[in-house]
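Please keep the sequence and the structure in view while reading.

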Amino acid sequence: MSKITVFLNGRAQQIDQDAGIEGVLSDLKLSPKMILVEHNNRALLRTEWKGLTLEHGDRLELIRVVAGG
């Protein structure tokens with residue numbers, strides 16, 4: 001399987017070329033329900049995750065959502 005380099009929270013990381021957002025979250029053992037994903041400086045709706053193809057050099061910011069006050 002081919003690998004690409006993306007920047008995950010500012011750090012270069014090798015991922016499978018066809019991993020997608022859900023694959024990245026699964027590899028990191030993060031619950032998709034509790035994560036906001038920003039792709040190349042644009043916050044994504046969860047409905048956009050499946051249609052997004054990650055490319056070499058993309059920047060992802062994963063932000064854990066916490067409820068409370």
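A residue is called buried when its relative accessible area is under 20%, exposed when it is over 50%, and partly exposed in between, using a 1.4 Å probe and protein chains only. The model is a predicted one, in which local features need a pLDDT of at least 70 and side-chain atom pairs count only at pLDDT 80 or more, while totals for chains, interfaces and linings use all residues. Residues are numbered from 1 along each chain as its sequence is written, and side-chain values use heavy atoms, with hydrogens and water left out.

**Salt bridges**

A salt bridge is a side-chain nitrogen of Lys or Arg within 4 Å of a carboxyl oxygen of Asp or Glu, and the structure holds three of them.

| Pair | N to O distance |
|---|---|
| Lys3 and Asp16 | 3.0 Å |
| Glu22 and Lys50 | 3.9 Å |
| Arg42 and Glu48 | 2.5 Å |

In the pair of Glu22 and Lys50, Glu22 belongs to helix H1 and Lys50 to the loop between helix H2 (46-49) and S5, so the bridge ties together parts that are 28 residues apart in sequence. Helices (H or I, at least four residues) and strands (E, at least two) are DSSP runs, numbered from the N terminus. Glu22 is partly exposed, with a relative accessible area of 41%, whereas Lys50, at 68%, counts as exposed. In the pair of Arg42 and Glu48, Arg42 is partly exposed at 44%, and Glu48 is also partly exposed, at 25%.

Asp58, which lies in the loop between H2 and S5, is buried yet has no salt bridge, and the nearest side chain of opposite charge, that of Arg59, is 8.6 Å away. The side chain of Asp58 does make a polar contact with the side chain of Asn40, at 3.2 Å, and one of its polar atoms lies 2.8 Å from the backbone nitrogen of Glu55. A polar contact is a pair of N or O atoms within 3.5 Å; within protein, one must be able to donate a hydrogen and the other to accept it, and residues adjacent in sequence count only if both atoms are side-chain atoms.

**The nonpolar core**

A nonpolar core is a set of buried Ala, Val, Leu, Ile, Met, Phe, Trp, Tyr and Cys residues joined through side-chain atoms within 4.5 Å. The largest one has 14 residues, of which Ile21, Val37 and Leu54 touch the most other members.

Conventions
Lys, Arg positive; Asp, Glu negative; His and termini not counted.
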